[in-house]
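Here is a walk through a protein model, from its contact surfaces down to single residue pairs. Keep the structure open and follow along.

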Amino acid sequence: MAVDTKIDPGWAWQPFTPSDTQPWDRSLAAHLYRRAGFGADLQLLDEAVAKSPHDVVDELIAINLETSDFRAVADSLAQTLLAGGDPMKLSAAWVYRLLFTPAQLLEKTTLFWHGHFATGADKVKDAAMMWRQNQLLRRHALGDFQALTQAIAKDPAMLIYLDSTSNRKSHPNENFARELMELFCLGEGHYSETDVVELARCFTGWEIRRDRFRKNRYQHDAGEKSILGQRGAFDGEQAVAIVVGRDDMPRFICRKLARYFLADELELTDDLIEIPATTMRENNLQIAPVLKQMLSSNLFYSSHARARKIKSPVELVVGMLRGLNGTTNSQLVARGLRDIGQGLFYPPNVKGWDGGRAWINSSTVLGRANLFEAILSNEDTKFEGQSLTQSLADHGIHDVDHAIDHFERCLMAVPINPATRRQLTSQFDSLGKDHEKTYRRLLHAVCSLPEFQLA
Amino acid sequence: MTVQALSPFRCSNRSLAVFALSVFLASPTLAEDAKQGDRRTAAELLPASVVAYVEVPRLGDVIELVADHPLRQSIQDMPAVRAIGSSDQVRPLRDGIAAFEGGMGRPWDEALTVLTDGGIHLAFDAPTQGAALLIQSSSREQLERFRGVVLALSQLGQGNFGIARQADYRGFTAYALNDNIKLALVDHWFLMTNKPELGKSIIDRYLDGDKHSLAASDSFTAAMAGAGDASMKAYVDVETIRDAGVAPKLYAGKTENVAAEALFGGIVANLAHTPSAVATLDIDPSGVRLTLATPHQSEWETGREYFFGEDSAASAPPLLQVPHQLLAISTHRDLSQMWLRAPDLMTDKANEDLAQADTNLTTFFSNRDFGEDILGSLRPGIQLVVQRQSFDAASPQPAIKLPAFAMQFTMRTPEETTREFRRVFQNLVGFINVVGAMQGQPQLDQDFEQTDSATLLTATYVPPREEDPLAAVPINYNFSPTLAFAGERMIVSSSTQLARTLIGLSAPSESKVKQPNTVAVLNADALADTLRDNKQQLVAQNMLEKGHGPDQANAEIDVLFDILALFKDVTVELDVDDGQLKLTTEVQLQSK
């Protein structure tokens with residue numbers, strides 16, 4: 001999947017203009033929705049095609065808050081589940097949000113930050129705490145990275161996850177200090193061990209008591225510290241500001257964003273990434289302008305990015321359901337996602353999900369097929385609120401050939417290989433007595449194809 | 001929607017199936033001479049070797065009762081019922097009814113009433129492993145039409161049209177539905193069976209009579225004598241089934257589950273000895289009553305006197321009655337005797353677990369033997385009550401609202417036992433606090449109340465110190481564990497409020513009238529109210545499990561409440577007397 005061709009940065013981040021050779025059509029609109037969200041049904045795609053790509057991106061960016069009606073429903077759903085105290089149930093509430101949110105880019109970016117500021121419920125154990133962190137990530141998802149990092153530095157779930165609930169001046173806890181620089185803001189090689197020790201001193205006195213963040217002034221080391229070349233009697237907030245304010249930080253974040261939204265294995269040279277990094281700096285570390293630039297760019301619509309990502313489990317399942325207007329048992333999906341490596345609220349470790357090729361191995365390939373089998377055989381799985389047969393009939397589809405065309409149009413980043421298509425057609429030659437069962441088996445076969453794993 | 005609303009005789013749509021059936025029925029191959037009907041019962045036609053027999057004597061009465069029931073209109077008016085009635089989901093049912101009515105030439109209810117006016121009878125014969133359906137009707141014409149409907153539906157299902165395979169046996173024509181199932185009209189009887197030899201034996205008995213028929217079986221006649229005028233009666237030859245080795249674990253007499261033993265141990269013991277069992281279903285405007293009865297002898301009780309009492313004289317104390325009562329159970333169980341007899345009643349694995357529990361509990365009760373000293377200090381009667389819980393506006397409102405529950409025991413020697421249980425309660429609360437503190441759970445605050453006639457030891461969860469709009473009040477706040485003593489009574493309650501209510505009730509008095517062994521009553525109104533208290537949870541669950549939006553989820557949960565509103569209560573009663581063990585379940589409907 002790696003592309004050797006050197007990419008011209010000047011061309012790459014220029015706004016994409018549709019042309020005769022690359023018109024703005026359903027296929028490009030579907031690419032945009034798969035990346036900026038989780039997928040779109042035909043109606044949404046047709047609405048997008050009627051606009052310009054820039055207008056669609058502008059709209060996606062503009063919905064940086066959920067509608068109050070949807071937020072009320074989704075929040076009350078999560079709130080209700082908190083009574084049971086089970087983070088796994090909360091995971092199902094997030095699945096519900098992913099399936100129905102009108103603010104797809106916001107939710108996709110929230111999921112990005114969940115992987116970036118990875119915090120696992122298996123260690124935190126407190127569903128309410130995980131929920132508060134999730135709300136925090138959503139609130140800041142497209143906003144100011146500085147504010148997001150300051151907030152996450154005081155988030156009880158994060159501090160419990162990093163064993164940093166207590167930080168005394170006699171024994172500064174280095175965990176959060178190290179991860180702030182290595183995983184959250186700068187990356188390896190951009191700080192020294194001394195920086196870690198000095199940074200940890202800034203966070204002394206920060207602790208979690210009765211599930212809340214507080215500063216214990218008696219345990220704060222008020223002495224002078226030297227961090228990343230700056231000296232002063234810094235406290236925690238000032239320390240975060242110093243790290244976030246480093247020139248390296250926008251490049252680090254933009255690289256991760258580009259891998260998440262554009263392509264898994266793109267060669268992101270310093271020259272190439274410097275342009276969105278500059279955009280981030282020039283916009284006071286706001287995330288939305290960076291995403292707007294990325295999602296509107298020539299690079300995004302080029303062969304360097306199209307079908308150059310392996311779908312994460314969330315993209316895989318939610319994408320299928322959103323693409324066909326499907327609804328199902330969210331608990332089943334939540335459990336299934338965890339089984340195939342992307343349990344919401346259950347990242348594997350503090351580094352989050354590796355993504356890319358790491359999503360696929362012999363076990364998860366089988367797991368992906370099994371999860372679709374479980375979803376499609378579940379009686380609560382409906383398409384446009386009805387059977388798949390009826391839903392297809394509403395689109396004028398009454399046979400296997402046309403059903404394959406429809407699934408390809410709604411779900412695939414690349415066309416189905418002709419040989420595979422012939423195989424599918426012969427395998428599901430006739431609809432038999434039970435049309436519903438045959439269509440569902442066909443959909444299962446399509447979702448298990450290698451082509452479907454690409455976004 | 002009701003089935004009547006689907007009837008083509010009451011609406012204009014008729015399916016093609018009706019046409020096909022009508023054509024089929026017009027076929028001259030159906031013509032057959034009718035003979036005079038007879039007055040014999042189905043049991044006289046069936047062999048004595050029948051091990052299971054079900055009879056619906058008057059289906060027409062049941063249909064009429066349902067059609068005229070005051071709740072019928074309420075059900076028809078339910079939005080969910082109307083929606084289902086107009087949906088495609090019931091199209092097969094609509095088509096089936098249309099086909100049936102087309103074939104029978106009259107509305108389905110009328111047709112069924114006439115067709116079955118001599119009763120529906122279903123039997124399973126052990127030696128032939130055959131099942132037989134016998135329908136007796138006063139109308140030969142309706143029987144012939146019904147035969148046509150069955151044959152046509154069978155052929156439609158198989159896509160194999162034409163004249164069904166036929167064979168004659170002693171002047172009666174048998175038609176083959178498939179390789180196994182055959183049907184025949186035997187004058188005013190419709191006979192269908194999966195074993196030709198069983199069908200032939202029924203025709204032989206019809207023509208020749210048989211003094212060894214099921215009707216002549218002593219076990220059958222004795223068992224069915226008490227069945228009375230029920231809407232449905234069923235008989236099972238338990239002895240033959242047991243001897244054939246079916247479900248051997250059921251008759252083994254040992255269980256792995258302590259709770260199952262306490263609840264059903266006596267019934268299972270009876271099944272290991274009884275020759276037969278009878279079930280009757282009575283339907284009347286006020287509700288439905290299902291009764292299961294078996295013979296019972298005191299010598300079958302060996303080892304389970306804890307369940308039946310001495311000489312089957314066990315009598316449960318009266319049911320407790322509290323406001324907003326959801327469930328009340330009263331039973332006779334000598335727990336001490338059951339605990340001490342456990343090696344005879346339960347499997348080795350269950351006994352290992354019990355032995356470990358016995359050691360721990362004995363330690364908890366300061367080395368007093370749990371089975372003998374602790375459980376032995378209580379009389380056998382146990383009363384349980386479950387009450388919908390209301391929460392004081394000033395106190396924390398748990399996000400999931402559970403009902404309160406309490407058990408009432410009678411102590412043999414209160415002056416000795418009270419002190420022991422009080423100390424254990426205090427230890428237990430302390431233990432819960434220590435474990436809870438380790439897990440970040442709220443703490444229980446102990447208190448003591450003394451009234452003129454009672455002593456209460458209460459434990460209340462300390463309210464959360466700060467209000468957090470995001471934090472749901474934990475489930476713990478449903479509980480305020482309380483132990484109360486009032487004379488000989490000891491009450492263990494999940495809530496102080498319920499305990500206070502119970503100590504205000506009078507103590508159970510010795511009744512001269514024998515009470516049932518066990519009785520339980522579930523009130524539908526209180527159940528609906530308890531569920532309504534948690535509607536938000538139910539809606540959320542529905543949204544997550546079915547992918548519904550809030551409106552659709554609310555509508556679906558409202559259907560549950562609509563259905564519950566039809567019911568008044570459910571009563572289960574276990575009676576053991578007069579050589580009989582009888583388990584009765586009665587569902588009472590609201591009057592309108």
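**Domains, interface and salt bridges**

In chain A, 13 residues of domain 1 are in contact with twelve residues of domain 2. The model is a predicted one. Three domains divide chain A: domain 1 (22-62), domain 2 (144-306) and domain 3 (313-453). Between domain 1 and domain 2 of chain A, the C-alpha centres lie 32 Å apart.

Now take the area. The size of an interface is often given as the accessible area lost when the parts come together. For domain 1 and domain 2 of chain A, that buried area is about 1,100 Å², with 58% of it on carbon and sulfur atoms. On the domain 1 side, His31(A), Arg35(A) and Ile61(A) lose the most area to domain 2 of chain A. Together these residues account for 45% of what that side buries.

Next come the polar terms. Seven residue pairs are in polar contact between domain 1 and domain 2 of chain A, counting pairs with both residues at pLDDT 80 or more. Two helices of chain A, helix 2 (26-36) and helix 4 (53-62), each supply at least two residues of the domain 1 side that touches domain 2. Helix 2 of chain A gives the most to that side, with six residues. By residue class, the domain 1 side that touches domain 2 of chain A divides into seven nonpolar, four polar and two charged.

How many salt bridges are there between domain 1 and domain 2 of chain A? The count is one. Asp58(A) forms a salt bridge with Lys292(A), and their closest N and O atoms are 3.0 Å apart. Over all chains, a search of the whole structure finds 49 salt bridges. Asp58(A) lies in helix 4 of chain A and Lys292(A) in helix 17 (residues 288-295) of chain A, so this pair ties together parts that are 234 residues apart in sequence.

Arg255(A) forms one with Asp270(A), the closest N and O atoms being 2.5 Å apart. Arg255(A) sits in helix 15 (residues 248-261) of chain A and Asp270(A) in helix 16 (residues 270-282) of chain A, so the parts tied together are 15 residues apart in sequence. Asp270(A) has 47% relative accessibility and therefore counts as partly exposed. Elsewhere in chain A, salt bridges form a network that links Asp247(A), Asp248(A), Arg251(A), Glu274(A) and Arg281(A).

Turn to where the chains meet. 24 residues of chain A are in contact with 21 residues of chain B. The area buried between chain A and chain B is about 1,900 Å², and carbon and sulfur atoms give 55% of that. How many salt bridges are counted between chain A and chain B? The count is zero. Polar contacts are present, with five residue pairs between chain A and chain B, both residues at pLDDT 80 or more.

Which elements of chain A supply this surface? Helix 5 (68-82), helix 6 (87-100), helix 9 (127-140) and helix 20 (330-339) of chain A each supply at least two residues of the side that touches chain B. Helix 5 of chain A gives the most to that side, with seven residues. The residues on the chain A side that touches chain B divide into ten nonpolar, nine polar and five charged.

Finish inside chain B. Arg388(B) forms a salt bridge with Asp529(B), with the closest N and O atoms 3.8 Å apart. This pair links distant parts of the chain, 141 residues apart. Arg388(B) is in the loop between strand 12 (381-387) and strand 13 (404-410) of chain B, while Asp529(B) is in helix 21 (residues 524-533) of chain B. Arg388(B) is partly exposed, with a relative accessible area of 25%. Asp529(B), at 25% relative accessibility, counts as partly exposed.

One more residue is worth a look. Ala174(B) is found in strand 5 (residues 172-176) of chain B. Ala174(B) counts as partly exposed because its relative accessibility is 23%, and the cut-off for buried is under 20%. Leaving out residues up to four places away in sequence, Ala174(B) touches Arg165(B), Gln166(B), Ala167(B), Leu183(B) and Ala184(B). Ala174(B) and Pro196(B) are 22 residues apart in sequence, and their C-alpha atoms are 9.4 Å apart in space.

Definitions and conventions: Residues numbered from 1 in each chain as written. Chains lettered and ligands numbered in written order. Predicted model: local features only at pLDDT ≥ 70, side-chain atom pairs only at ≥ 80, totals over all residues. Heavy atoms only, no water. Contact = heavy atoms within 4.5 Å. Buried area = accessible area lost by both parts, 1.4 Å probe. Salt bridge = Lys/Arg side-chain N within 4 Å of Asp/Glu carboxyl O. Polar contact = N/O pair within 3.5 Å; in protein donor to acceptor, adjacent residues only side chain to side chain. Helix = DSSP H or I, 4+ residues; strand = E, 2+ residues; numbered from the N terminus. Nonpolar A, V, L, I, M, F, W, Y, C, P; charged D, E, K, R; others polar. Domains from an automatic or database assignment. Buried < 20%, exposed > 50% of the residue type's maximum accessible area, 1.4 Å probe, protein only.
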